[in-house]
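I set out to go through this model element by element and to write down what I looked up, in the order in which I looked it up.

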Amino acid sequence: MELVFRDDPYCKSCEATVESADETGIRLDRTVFYPMGGGQPGDVGTLTQADGTVIPIADARKGEHHEDVLHIPAEGTALPAPGSKVTATIDWERRHRLMRMHTCLHLLCAVISGDVTGGQIGDGKGRLDFNLPDTQLDKERITAELNRLIAEDHPVAPRWIGDDELAANPELVRTMSVKPPSGSGKVRLLDIPGVDLQPCGGTHVARTGEIGPVAVGKIENKGRQNRRINIHFAA
Ligand SMILES: [Zn+2]
C-alpha cells in the first residue's frame, strides 16, 4: 500500500483502487488516511465510489503488515467491490489540528528534559508524560518557551536514517514507551533543526509557526517520577 501521507501530509484526497473489503476494514492500493499510531488518532473521512455513493470512514487502523491501512467504515455501510475505484478523502480540518498538536508535542520534548514515558494527541489538545524525579515544573515558563519556538517558525521535515545509524545514536530515542519501527533497514526521523530530532512516523505541519498559540493546562502527578503535561490551543 502506498502511504501518501508519509511524503505529503498536506494531501487531502487521492484516487485509489479497492483491494479488499470485509468486516475488518477496507484495503486500498494507496491512501491519504493516517492509521492510529504513535499517539496520533486515525483519520476519519470518506471513500466516494464512481457512481457517487459515499462510504463514511469512522477510523483508520494499522493492519497486520506495518504498511497496511484498514479503513473502518461507519456501521451499517455497504462495502465496495474489490477492484472498484474510489476517491479517498480525509476530514482535513481535523487532521490539520492533529498535525499542529503533534508538532507542538515535539517542541514540548525540546523544552522539557527527561524521558518521555507516554503521550496522546487529541483534537485541540495533547499531552506527554515525562520521567522527572523531584522536578518543579513552571507552567508559565513552559507556555512561554513553546510559544517562542512556535513564533520562531522553525522548518519541520522528516528524513530517513539506517537502523545501524540509529543504533549508534541511542540518544535520538526520547520515547521509552514507543520503540521506533526497525528491522526494515531504515527509520524515519522527524527533524526540527536545532530544536528536536527523534524517530516518528506521524504527520506534522511544515513549519512551527503553523501550530499557532498554545497554552499549558494541568500538570499532573502520575506516579513517583511521572509528570503529565497537558497542552491545548490558545486561539
Ligand atoms: Zn512526530
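Predicted model: local features only at pLDDT ≥ 70, side-chain atom pairs only at ≥ 80, totals over all residues.

**Entry 1: aspartate 153**

I looked up aspartate 153 and found its place in the loop between H3 and E11. Its phi is positive, at about 55°, although the residue is not a glycine. I noted this because most residues other than glycine have a negative phi. With a relative accessibility of 30%, aspartate 153 counts as partly exposed.

**Entry 2: the zinc ion**

Which residues coordinate the zinc ion? I found His102, His106 and His204, each through NE2, together with Cys200 through SG, at 2.0 to 2.1 Å. The angles among the four donor atoms run from 101 to 125°, and the site is tetrahedral. Reading along the sequence, I wrote down the spacing of the donor residues as H-x3-H-x93-C-x3-H. Histidine 106 belongs to helix H2 (residues 92-111), whereas histidine 204 sits in the loop between strand E13 (196-199) and strand E14 (214-221), so this pair ties together parts that are 98 residues apart in sequence.

I then traced an open sheet of four strands, whose order is E9-E10-E15-E14 and whose pairing is antiparallel. Strand E9 (115-121) and E14 are at its edges with a single partner strand each, so one side of each has no neighbour in the sheet. From one strand to the next, the twist averages 20°. Looking at one pair inside this order, I found that strand E10 (residues 125-131) and strand E15 (residues 226-233) run antiparallel and are joined by seven bridges; here lysine 125 stands opposite histidine 232 in E15. Helix H3 (residues 139-151) packs on the sheet, where it touches E14 and E15, and its direction makes about 140° with that of E14.

**Entry 3: the sheet of three strands**

The next open sheet I followed has three strands in the order E11-E12-E13, again with antiparallel pairing. Its edge strands are strand E11 (157-162) and E13, each of which pairs on one side only, and the twist averages 30° from one strand to the next. Strand E12 (residues 186-192) is joined to E13 by four bridges, the two running antiparallel, and the bridge partner of leucine 190 in E13 is glutamine 198. I also saw that H2, the helix that holds histidine 106, lies across E12 and E13 and runs at about 115° to E13.

**Entry 4: strand E2 and its partners**

For strand E2 (residues 13-22) I recorded an antiparallel pairing with strand E8 (residues 85-90) over five bridges, in which threonine 17 has lysine 85 of E8 as its bridge partner. E2 also pairs in the antiparallel sense with strand E3 (residues 25-28), over four bridges, and alanine 21 stands opposite isoleucine 26 in E3. E2 and E3 form a hairpin, with two residues between them.

**Entry 5: the nonpolar cores**

Which members of the largest nonpolar core touch the most other members? Of its 53 residues, they are Leu47, Leu108, Ile112, Ile142, Leu146, Ile229 and Ile231. The element that gives the most to this core is H2, with ten residues. I listed the contacts of leucine 47, leaving aside its neighbours within four places in sequence, and found among them Ile26, Leu28, Phe33, Val54, Ile55, Val86 and Ala88. A second core, separate and of five residues, includes Ile161, Leu172, Val187 and Leu189.

**Entry 6: phenylalanine 5**

Last, I looked up phenylalanine 5, which has its place in helix H1 (residues 4-7). Phenylalanine 5 has a relative accessible area of 5% and is therefore buried, given that buried means under 20%. Not counting residues up to four places away in sequence, it touches Thr31, Val32, Phe33, Tyr34, Pro35, Arg95 and Thr203. I also noted a separation of 25 Å between the C-alpha atoms of phenylalanine 5 and glycine 194, which are 189 residues apart along the chain.

Methods
Residues numbered from 1 in each chain as written. Heavy atoms only, no water. Donors = N, O, S within 2.8 Å, 3.2 Å for Na, K, Ca; no water. Tetrahedral: all angles 85-135°; square planar, octahedral: opposite > 155°, others 65-115°. Pairing = 2+ DSSP bridges. Axes fitted to C-alpha atoms, helices over the stretch in contact; angles between N-to-C directions. Contact = heavy atoms within 4.5 Å. Core = buried A, V, L, I, M, F, W, Y, C linked by side-chain atoms within 4.5 Å. Buried < 20%, exposed > 50% of the residue type's maximum accessible area, 1.4 Å probe, protein only.
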